[in-house]
Amino acid sequence: MLKNEMYKKEYGVFQVFIRHTDQKQLLVKNILKWMNKNKKTIAPGYVFTDIGAGDGTVTGPIVDYLHGLVDFTCNYIEPSRLAVDFRNRKRKSNIHFIAKDVNKISIPKSNFILSSHVLIYLKNYFNVLLKIYKSLKSGGVALVVLTNKTSGDNLIKKKLTGRDSLSLAPSIISFLEKNKIRHRHQIVKSLIDFSCCEKDKITHTCKSMISFVYHKNLESLTQKDCDKFLLEARKHFGRKDRLVKKEDYIWLFKG
């Protein structure tokens with residue numbers, strides 16, 4: 001199963017996996033670090049757009065930061081029902097909820113656009129990437145987040161199955177260079193916590209984690225798969241319960 005198919009068919013498994021990393025916390029930290037460093041550029045009328053905002057785990061802290069700083073608008077683009085709870089919690093007039101696929105809308109002109117783990121869903125991701133860039137205001141920045149090809153989850157997957165991971169970063173960077181779009185590539189390391197798999201009994205959480213690592217449907221995951229994963233992971237990583245996860249941060253700069 002390709003990774004993009006895994007994301008679509010096993011979204012619940014993906015969410016379990018994400019909750020066992022500090023990926024989103026680091027994403028918030030890095031965005032706020034950039035905003036603090038460039039605080040002089042954050043003026044009234046500032047527009048922050050989150051494409052594929054999900055349940056708002058990342059969007060919320062950014063909104064709270066901007067709320068105490070300047071008059072702003074947040075565009076919360078999320079076609080799934082994940083936006084419902086966030087919408088109920090954040091009933092502010094300056095948050096615009098757009099429940100449509102990014103392919104079917106015009107992205108509002110923005111000072112900062114975030115697209116975290118969205119492009120992997122899309123066949124036409126080059127077109128969406130160009131759409132994001134064109135939607136930036138002069139002096140604006142976009143941050144595109146992708147899973148790095150040497151990330152720990154893919155390292156185990158390749159070791160066990162011999163299949164290569166789906167990595168978009170090289171082709172995206174080549175595309176940006178070809179189109180002379182100013183950009184910066186950054187690799188950020190987070191942690192995957194596999195302590196839930198240390199017990200003798202395979203829990204649903206552990207099984208979900210293994211399912212995502214294998215990119216294999218949860219229902220088709222066998223006890224043999226689980227045993228093989230635990231054996232190889234503990235041997236290869238010295239029985240540590242944490243693995244390094246790498247992500248590609250690709251920053252785009254307009255003007």
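This is a predicted model: local features need pLDDT of at least 70, side-chain atom pairs count only at pLDDT 80 or more; totals for chains, interfaces and linings use all residues.

Colleague: Is lysine 246 buried, partly exposed or exposed?
Modeller: The cut-offs are that buried means under 20% relative accessible area and exposed means over 50%, with partly exposed in between. Lysine 246 has a relative accessible area of 23%, and therefore it counts as partly exposed.

Colleague: How many Å apart in space are lysine 246 and lysine 149?
Modeller: Along the sequence, these two lysines are separated by 97 residues. In space, going from C-alpha to C-alpha, the distance between lysine 246 and lysine 149 is 8.0 Å.

Colleague: What percentage of the contacts in the protein chain with a separation of 6 or more comes from residues 24 or more positions apart?
Modeller: The protein chain has 10 helices and 7 strands, and buried residues make up 52% of its 255 residues. Among the contacts with a separation of 6 or more, the share that belongs to residues 24 or more positions apart is 76%.

Colleague: Which residues does serine 116 touch, not counting those up to four places away in sequence?
Modeller: Serine 116 lies in strand 4, and because its relative accessible area is 18%, it counts as buried. Valine 144 is 28 residues away from serine 116 in sequence, yet the two are 5.7 Å apart in space, C-alpha to C-alpha. Beyond four places in sequence, the residues that serine 116 touches are Leu27, Ile51 and Val145.

Colleague: In which sense do strand 4 and strand 5 pair, parallel or antiparallel?
Modeller: Strand 5, which runs over residues 136-147, is mostly covered, with 9 of its 12 residues buried. Leucine 114 stands opposite leucine 143 of strand 5. The pairing of strand 4, residues 110-116, with strand 5 extends over 6 bridges, and its sense is parallel.

Colleague: Are helix 3 and helix 4 roughly parallel or roughly perpendicular to each other?
Modeller: The axes of helix 3 and helix 4 come within 10 Å of each other and cross at roughly 25°. Because angles under 35 degrees count as roughly parallel, the relation of helix 3 to helix 4 is roughly parallel.

Colleague: Which residues of helix 4 does helix 3 meet?
Modeller: The crossing of these two helices, helix 3 and helix 4, is right-handed. By class, their contact has 8 nonpolar residues, 1 polar residue and no charged ones. From the side of helix 3 come Val28, Ile31, Leu32, Met35 and Asn36, and the residues they meet in helix 4 are Pro61, Ile62, Tyr65 and Leu66.

Colleague: Which residues of helix 4 are buried?
Modeller: What covers the buried residues of helix 4 includes helix 3, strand 1, strand 2, helix 5 and strand 3. Within helix 4, residues 59-67, the buried residues are Thr59, Gly60, Ile62, Val63, Tyr65 and Leu66.

Colleague: Which residues of helix 8 meet helix 6?
Modeller: The axes of helix 6, residues 125-134, and helix 8, residues 169-178, come within 11 Å and cross at roughly 50°, and the two helices are therefore oblique to each other. Their crossing is right-handed, and the residues of the contact divide into 7 nonpolar, 1 polar and no charged. Tyr125, Phe126, Leu129 and Leu130 of helix 6 take part, and their partners in helix 8 are Ser171, Ile172, Phe175 and Leu176.

Colleague: Is histidine 117 buried or exposed?
Modeller: Most residues other than glycine have a negative phi. Histidine 117, however, has a positive phi of about 55° although it is not a glycine, and it is found in the loop between strand 4 and helix 6. Because its relative accessibility is 10%, histidine 117 counts as buried.

Colleague: And is lysine 180 buried or exposed?
Modeller: Lysine 180 also has a positive phi, near 55°, and its place is in the loop between helix 8 and strand 6. Because its relative accessibility is 77%, lysine 180 counts as exposed.

Technical notes
Residues are numbered from 1 along each chain as its sequence is written. Side-chain values use heavy atoms; hydrogens and water are left out. Axes are lines fitted to C-alpha atoms, for helices over the stretch in contact, and angles run from 0 to 180 degrees between N-to-C directions. Helices (H or I, at least four residues) and strands (E, at least two) are DSSP runs, numbered from the N terminus. Angles under 35 degrees count as roughly parallel, over 145 as roughly antiparallel, 65 to 115 as roughly perpendicular and the rest as oblique. A crossing is left-handed if the near helix is turned anticlockwise from the far one by less than a right angle, and right-handed if clockwise. Contact means heavy atoms within 4.5 Å. Ala, Val, Leu, Ile, Met, Phe, Trp, Tyr, Cys and Pro count as nonpolar, Asp, Glu, Lys and Arg as charged, and the others, Gly among them, as polar. Buried means under 20% relative accessible area, exposed over 50%, partly exposed in between (1.4 Å probe, protein chains only). Two strands pair if DSSP finds at least two bridges between them.
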